[in-house]
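Hi everyone, thanks for making the time.

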Amino acid sequence: MTVSSEVPATEVRESVKEVVAQVLERGGVDPAVDLFDQGVTSLAFIRIVAQLNEKYGIKLDVAELEEASIDSLAALVDAEAGGKDH
């Protein structure tokens, strides 16, 4: 399954941005750029995914991502959560 590159609902995207900022303990992450290209480690990425899974009650399959950006994570969260607002 290929995840749409379409930017998801603002609420989900903002929520993913907040989780990323919390895990990284910094803001200013470009939501359209791959997190690994912005210096995020594999361990930090795993923590981000775990927090999103817990927050939304889902199990993300990050192998489906073509890139690990906030926008792609938000699209995957939105698809996995069935587009419901949380």
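I'll start with the overall picture and then go through a few residues.

First, a heads-up: what you're looking at is a predicted model. The protein chain has three helices and zero strands, so if you read along the sequence, you get the pattern α-α-α. There are 86 residues in the chain, and 44% of them count as buried. The accessible surface comes to about 4900 Å², with 48% of that belonging to carbon and sulfur atoms. And if you take contacts between residues at least 6 apart in sequence, 59% of them join residues at least 24 apart.

Okay, on to the charged pairs. How many salt bridges does the structure hold? Two. One of them joins the side chains of aspartate 71 and arginine 13, at 2.6 Å from N to O. Aspartate 71 sits in helix 3, residues 70-80, and arginine 13 sits in helix 1, so this pair ties together parts that are 58 residues apart in sequence. Are these two residues buried or exposed? Both aspartate 71 and arginine 13 are buried.

The other pair is glutamate 14 with lysine 17, where the closest N and O atoms are 3.7 Å apart. These two are three residues apart in helix 1, so about one helical turn separates them. Glutamate 14 is partly exposed, with a relative accessible area of 32%, and lysine 17 is partly exposed too, at 29%.

While we're in helix 1, which covers residues 10-24, have a look at serine 15. Why does serine 15 count as buried? Because its relative accessibility is 6%, and the cut-off for buried is under 20%. Leaving out residues up to four places away in sequence, serine 15 touches Lys55 and Tyr56.

Now let's move to the loop between helix 1 and helix 2, with helix 2 being residues 42-56. Glutamine 38 is found in that loop, and its side chain reaches the backbone nitrogen of aspartate 30 at 2.9 Å. Setting aside neighbours within four places in sequence, glutamine 38 is in contact with Arg26, Val29, Asp30 and Val33.

Glycine 39 is in the loop between helix 1 and helix 2 as well. Glycine 39 is exposed, because its relative accessible area is 57% and exposed means over 50%.

Note on methods. Residues are numbered from 1 along each chain as its sequence is written. This is a predicted model: local features need pLDDT of at least 70, side-chain atom pairs count only at pLDDT 80 or more; totals for chains, interfaces and linings use all residues. Side-chain values use heavy atoms; hydrogens and water are left out. Helices (H or I, at least four residues) and strands (E, at least two) are DSSP runs, numbered from the N terminus. Buried means under 20% relative accessible area, exposed over 50%, partly exposed in between (1.4 Å probe, protein chains only). Contact means heavy atoms within 4.5 Å. A polar contact is a pair of N or O atoms within 3.5 Å; within protein, one must be able to donate a hydrogen and the other to accept it, and residues adjacent in sequence count only if both atoms are side-chain atoms. Accessible areas come from the Shrake-Rupley method with a 1.4 Å probe; for residues, only the protein chains shown count as cover. A salt bridge is a side-chain nitrogen of Lys or Arg within 4 Å of a carboxyl oxygen of Asp or Glu.
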